[in-house]
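Q: I would like to learn how to read the packing of helices, and then a few other features. Please take me through an example.

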Amino acid sequence: MKNSFKNISYSIPLKYHVMFWVGYFFLNVIRWGSYYQDYWYSFKSNMVTVTLGMLLAYFHVYFLLPKLLFKKKLISYVFFFLIGLTVFYVVRTELIFIFINENVWPESQTPQSSYAFNHILVVSLIGIYDVGLATTVKLTTDWIVDRKRIEALQASQLKTELQFLKAQIQPHFFFNTLNNLYALTLERSNQAPEVVLKLSEIMEYILYDAKEPKIRLLNEINYIQNYIDLEKLRYGDNVNVQVNMQGEIEAHSVPPLLFLPFIENCFKHGTIDNNKLNVMIDFEVVGKNTLKFTVVNNYNSYSQNKKSHGIGNQNVLRRLELLYKDKFTLNIKTEKQNYIVELSIEL
């Protein structure tokens, strides 16, 4: 989990604080220097004003917000904010009077004394503006960082869940295949060695290729064909499977082990005992990026009503929701003793 978040910073680096306030300072120097027609005075006065505004802003952002406002201590928040604003006004006024200019409000159209209502109001608004600007930057930065953290957490959870769902398929598949192999060995069938060979090829696929997020669609179809061959070895002439491919199959990739559960269901619930199992599988790439996957098989009514483990379809549906969100359609239905699965995904 730590690796998922190692690139996310939860505090603004010092250099960005320095860049922000230096830029803000020179912006004010140019702005008020143009207004006064005296850039040297603007430089000196903003050394005082911006420095005090920065201190007031940090007092608000790193103390008043987290310690009081976010904890719903509204009265204490207002009280201490007014104290901070008062200190900002008094210190700014006295420093400008002592070190810079006895006229502490040169921008006024008429002579004004310090500590008059209008002067207090104007200087306080300057402090509030500095606080508002810094607070907006801090809250926006926190929101962006928090959003990245949540996205990283969701991605990590998504990856974990997908790995879990994919892992469920493997023991489920091997359980069925080993059952088939067991039945053949009981019958002392000559087909058992071929089953072992096919099974080893499938294991190689699962252990290596299926670890990747996506594999070539053609490779996935070849893997499915190996599985079908295993079932044909078991059931012989009682099984008829037709696999059709249309469109640019070679040009696309898909998540591994996505289609197998539907095909497993054909053999699990299909008509085999006394009747022939007919399965038709279609892979069709429509346009540039849409894959239509269709499976049709006849089924045994009794088998359909039996309670099953239910891993297959639910597993695939959940993987589709995680991988494709709303960019897929899955329709499962029965028509005239045929079980039909229609899946469309955007590649």
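Q: In which sense, left-handed or right-handed, does α2 pass α3?
A: A crossing is left-handed if the near helix is turned anticlockwise from the far one by less than a right angle, and right-handed if clockwise. Here α2 passes α3 in a right-handed crossing. The model is a predicted one, in which local features need pLDDT of at least 70 and side-chain atom pairs count only at pLDDT 80 or more, while totals for chains, interfaces and linings use all residues. Residues are numbered from 1 along each chain as its sequence is written, and side-chain values use heavy atoms, with hydrogens and water left out.

Q: At what angle do the axes of α2 and α3 cross?
A: Two packed helices are described by the angle between their axes and the distance between the axes. Helices (H or I, at least four residues) are DSSP runs, numbered from the N terminus. Axes are lines fitted to C-alpha atoms, for helices over the stretch in contact, and angles run from 0 to 180 degrees between N-to-C directions. For α2 (residues 14-36) and α3 (residues 39-69), the axes cross at roughly 140 degrees and come within 9 Å. Angles under 35 degrees count as roughly parallel, over 145 as roughly antiparallel, 65 to 115 as roughly perpendicular and the rest as oblique. The pair α2 and α3 is therefore oblique.

Q: How are α3 and α4 placed to each other?
A: Their axes lie 10 Å apart, at an angle of about 165 degrees. So α3 and α4 are roughly antiparallel. The crossing of α3 past α4 is right-handed.

Q: What is the angle between α7 and α8?
A: The axes of α7 (residues 217-235) and α8 (residues 260-269) cross at roughly 15 degrees and come within 11 Å. That makes the two helices roughly parallel. α7 passes α8 in a right-handed crossing.

Q: How many salt bridges does the structure hold?
A: Side chains of opposite charge can pair when their charged atoms come close. A salt bridge is a side-chain nitrogen of Lys or Arg within 4 Å of a carboxyl oxygen of Asp or Glu. The structure holds three. One of them joins D142 and K138, with the closest N and O atoms 2.7 Å apart. D142 and K138 are four residues apart in α5 (residues 117-186), so about one helical turn separates them.
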